Amino acid sequence: NPSGQITHVINGNTALSDTHDLRDDSWHHVAIVWNGSQRFIYIDGLLRANDVFLGTLTPVDLPLLMGNYLGIESRNFHGNIDEVKIYNTARSQAEIIEDAGISVVLNEFMPKPGDNKDWVEIYNISSNPIDINGWELADTTGVFATFSAILAPDSFLVATESARLNNGGDTIFLKKSDNTLVDTRSYTGGEVVTDKSIGRNPDGFGSWKQCATSSANVSNDLSC
């Protein structure tokens, strides 16, 4: 739409919109799924919007169009589109993440531990080992960890730095050795609680939550 947000419309009038502005001069993976009762919008593997739709699709005798809204210029897509796929089954989030080529992500972090040993956990969500030699963790101050490892499938790795993350709010960046941004997470001072980590649930692609119990190097699923 004109605000840079993804909107999905069924039968011309039942709209579902994401709230994130994608006009950032970067490539994004977008997936829209309808399973017959619910529909979902995923951006870069993350669930951004969903609702219930129990209706039926109205057949139309029109060509398949990409980036064009039947002559309404203001609704046309202004940008580049590549690698379009259409499936005849509802894709799961795990399948969408694989399609998006996402492998290693930020998964949990501890901004205010009682012992001042701040830590950030990354997670290989893919089914393949990932070479992360030269990859870096950084915040708004600069780089605080450089990895030298092969991260096994479905495994975690934690980097620790004394009193590094800002308790009043900060942004954590995960970058490849060529400085390509892999993942990022900003947080505010209102999210920071002593000895409480912040993590994704489910691991890798779930929403960020405050964890009841920190779970460095293990799954967040029973903790966050």
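E95 is partly exposed, at 32% relative accessible area, where partly exposed sits between buried, under 20%, and exposed, over 50%, using a 1.4 Å probe and protein chains only. Before I go on, this is a predicted model, so local features need pLDDT of at least 70 and side-chain atom pairs count only at pLDDT 80 or more, while totals for chains, interfaces and linings use all residues. Residues are numbered from 1 along each chain as its sequence is written, and side-chain values use heavy atoms, with hydrogens and water left out.

Back to E95, then. You'll find E95 in helix α1, residues 93-99; helices here are DSSP runs of H or I, at least four residues, and strands are runs of E, at least two, numbered from the N terminus. The E95 side chain reaches the backbone nitrogen of S92 at 2.9 Å.

Now, the inside. The largest nonpolar core has 20 residues, and I122 and L137 have the most contacts inside it. By core I mean buried Ala, Val, Leu, Ile, Met, Phe, Trp, Tyr and Cys residues joined through side-chain atoms within 4.5 Å. Strands β6 (104-110), β7 (117-124), β10 (143-146) and β13 (169-175) each give two or more residues to this core, and β6 brings the largest share, three residues.

Which residues does L137 touch, leaving aside neighbours within four places in sequence? Among them are L106, V120, I122, F144, A159 and I172, with contact meaning heavy atoms within 4.5 Å.

Methods
Polar contact = N/O pair within 3.5 Å; in protein donor to acceptor, adjacent residues only side chain to side chain.
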